[in-house]
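Please look through the sequence and the structure shown below before reading on.

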Amino acid sequence: MEGHADVSATFPPPPGHHGADTYIVQLPKDQVYRVPPRENALIVEQYRNPATAKKRRGGCCCCCSRRVFLTVALIVVAIVAVVGITLATLYFIFSPSGPKFTVSHVAVNRNKSSRAAPQYEVSLRARNPNEKLAIEYQDGDVSLLFDDTKVAEGKFPTLEQGRGEASEVTVELTGSSGALPRRMNGGDAAVDLKLEMKLAIRIRTAGLETWAMRSDVACEFKVSALGNDTRVLSQQCDTKFKQY
């Protein structure tokens, strides 16, 4: 057909032809495919797989959160260790001792009604034997026993004592029954009683609260009679003092 080249025409072999099975292909410059830079490939990959990119960012945030948590935990542990070592050192330097008690007086208020429980008042002298430490009595349970049976109970009052200070304390107790035990109500006969106290104490030094201590006190004493003019004939108070 006129105006058209013959497509079946035979082209001469390309330059550099070295044999029947070897060819060198030459492409125009506008058809050469170039490899994109690595950062462009990452951007394309993120657009193609947004879920994978989010997972990667989430993993990085998780790692940062763990590092922050570990750093904070190490700081807290270090502070606690320093405070603990300091308190332990001060404890061995000062060697705090528990308070000393003596029973001064015992009074019983018998109610006219047999149903009303009797009221007891036990006067104590509490002494802080520490010459460099103050004592704060924060809480305490007190029990009065007769013949190993609890006959009354009450609370130890809150109290602060300076270094080497002594204080008079009155503990009010309520009877556990409506009347005195018969053997306690023996007129002018001497009565053996026991006072047990479980006290929560805080030691202070230089205006700072330091150790929380527990003081278990047991006072065995004998009174002349349970009346208005009761006298303490003999007594023995033991104190167990330990840190919580």
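In which sense do E1 and E2 pair, and over how many bridges? E1 and E2 pair in the antiparallel sense, over nine bridges, where two strands count as paired if DSSP finds at least two bridges between them. Before going further, note that this is a predicted model, in which local features need pLDDT of at least 70 and side-chain atom pairs count only at pLDDT 80 or more, while totals for chains, interfaces and linings use all residues. Residues are numbered from 1 along each chain as its sequence is written, and side-chain values use heavy atoms, with hydrogens and water left out.

The secondary structure comes to two helices and nine strands, and these names refer to DSSP runs numbered from the N terminus (helices are H or I with at least four residues, strands are E with at least two). Along the sequence the pattern is α-α-β-β-β-β-β-β-β-β-β. Returning to the strand pairs, Lys100 has Arg127 of E2 as its bridge partner. E2 is also joined to E6 by nine bridges, and these two strands run antiparallel; here Ala126 has Ser167 of E6 as its bridge partner.

Buried means under 20% relative accessible area, exposed means over 50%, and partly exposed lies in between, all with a 1.4 Å probe and protein chains only. Of the 244 residues in the protein, 25% are buried.

In soluble globular proteins, nonpolar side chains tend to be buried together. A nonpolar core is a set of buried Ala, Val, Leu, Ile, Met, Phe, Trp, Tyr and Cys residues joined through side-chain atoms within 4.5 Å. The largest such core has 35 residues, and within it Phe101 and Phe156 touch the most other members. Among the strands that each supply at least two residues of this core are E1 (100-109), E2 (119-127) and E8 (208-223), but E7 gives the most, with seven residues. Leaving aside residues up to four places away in sequence, Phe156 touches residues including Phe101, Leu124, Tyr137 and Met197. If contact means heavy atoms within 4.5 Å, then, among contacts in the protein with a separation of 6 or more, 65% come from residues 24 or more positions apart.

Arg204 is partly exposed at 23% relative accessibility, and Glu160 is partly exposed at 48%.

Finally, Val72, which is found in helix H2 (residues 50-94), is partly exposed, with a relative accessible area of 46%.
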